Amino acid sequence: MAQQIEKVGVLGAGLMGHGIAQVAAQAGYEVVLREVDEATLAKGVGKIEKQLARAVEKGKSSQQDADAVRGRIKETIHYRDLADCDLVIEAITENLALKLEMWKEIDEIVKPEAVFATNTSSLAVIDQAAVTGRPGQFVGLHYFNPAQVMKLVEVVRCVTTGDEAFDTALEFARSEGKLAIPTKDKAGFIVNRLLVPYMLDAIRAYEEGVGSVGEIDEAMKAGAGHPMGPLTLADFVGLDTLGSICDVLFEEFRERRFARPPLLRKILSAGWFGRKTGIGFYDYSGESPVENPGI
Ligand SMILES: NC(=O)c1ccc[n+]([C@@H]2O[C@H](COP(=O)([O-])OP(=O)(O)OC[C@H]3O[C@@H](n4cnc5c(N)ncnc54)[C@H](O)[C@@H]3O)[C@@H](O)[C@H]2O)c1
């Protein structure tokens, strides 16, 4: 039996958190969005407002609906405003120590029957569940970037997750119009476990001279029907993020397919993190991306 959810707390208004908050508000939930300071909070809320305004401009939403969605999101920098949330989803920085510190604090504040969820891409869900007083009410809700657009949410059951909390999370993701796929608390879950070695292999293929950056991408688009090539995808995910995820997966499984290729290490030392820094496998400074001549 799923629990009734009316109010959702979202921690973090970064790349993922602002999208997760917007999706929940669009599905009719009251949302409390918490950030560490006013400036970061305003930046995240600004992104939501921009998305809502764009939907109105494009005729995808009425002004009235956009205003109602915005009205359902209350922003705060105080944990205490999350006290009466039925579900709390964290999308804070991918750092276990930070996440544990945060859960310990809000576990004392949020009502005991509420369900807690982490959006982590690579950390074990149980490690976070175990520091709370409610390990049976702890799940993973793994959204994809951008959360407003991507259909999938992986719903992760860790060893302590109870049936009620798991059903609540599944039902919640479905109520947002998402495709909720249940999975186990294994590093990388389904998508990153398969996608990360694929992107790393594309980097190794380039290192071995199988093709140029553009040739590898074009080949996978035309030959496998993928909407974007693996090296473009790596730039889009963020090469720093790819590096951290593959390190966690390698640490967990000790398999070569998850190991950081030497070229990725060098690219990261150069500070080329992909689209977010304007340069990665491609240089995005011009009208259209060109292969990075330094690679
Ligand atoms: N980037 C992706 O493609 C992606 C996809 C799926 C899941 N994730 C996961 O989502 C989480 C967030 O990733 P992101 O890319 O949005 O990171 P981000 O750096 O864009 O945002 C993280 C935000 O969390 C805030 N924050 C830190 N501590 C906080 C706290 N105690 N309370 C409230 N806010 C706090 C930071 O100020 C920052 O704005 C990570 O666990 C990551 O693994 C990321």
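Analyst: Welcome! The model is predicted, so local features need pLDDT of at least 70 and side-chain atom pairs count only at pLDDT 80 or more, while totals for chains, interfaces and linings use all residues. Residues are numbered from 1 along each chain as its sequence is written.

User: Into which domains is the chain divided, and how far apart are their C-alpha centres?

Analyst: Domain 1 covers 7-184 and domain 2 covers 192-284. Their C-alpha centres are 28 Å apart. Four residues from domain 1 and five residues from domain 2 make the contact, where contact means C-beta atoms, placed from the backbone, within 7 Å.

User: What makes α8 and α9 roughly perpendicular?

Analyst: Helices are DSSP runs (H or I, at least four residues), numbered from the N terminus. The axes of α8 (residues 213-224) and α9 (residues 230-237) cross at roughly 100° and come within 7 Å. Axes are lines fitted to C-alpha atoms over the stretch in contact, with angles from 0 to 180 degrees between N-to-C directions. Angles of 65 to 115 degrees count as roughly perpendicular, and therefore α8 and α9 are described that way.

User: Which residues of α8 and α9 meet?

Analyst: Val-213, Ile-216, Asp-217 and Met-220 of α8 meet Pro-230, Leu-231 and Thr-232 of α9. By class, this contact has five nonpolar, one polar and one charged residues. Ala, Val, Leu, Ile, Met, Phe, Trp, Tyr, Cys and Pro count as nonpolar, Asp, Glu, Lys and Arg as charged, and the others, Gly among them, as polar.

User: Which residues come nearest to the ligand?

Analyst: Gly-12, Gly-14, Met-16, Ser-121 and Asn-145 do, out of 25 residues around the ligand. Being near means a C-beta atom, placed from the backbone, within 6 Å. The shell has 12 nonpolar, 10 polar and three charged residues.

Conventions
Domains from an automatic or database assignment. Contact = placed C-beta atoms within 7 Å. Helix = DSSP H or I, 4+ residues; strand = E, 2+ residues; numbered from the N terminus. Parallel < 35°, antiparallel > 145°, perpendicular 65-115°, else oblique.
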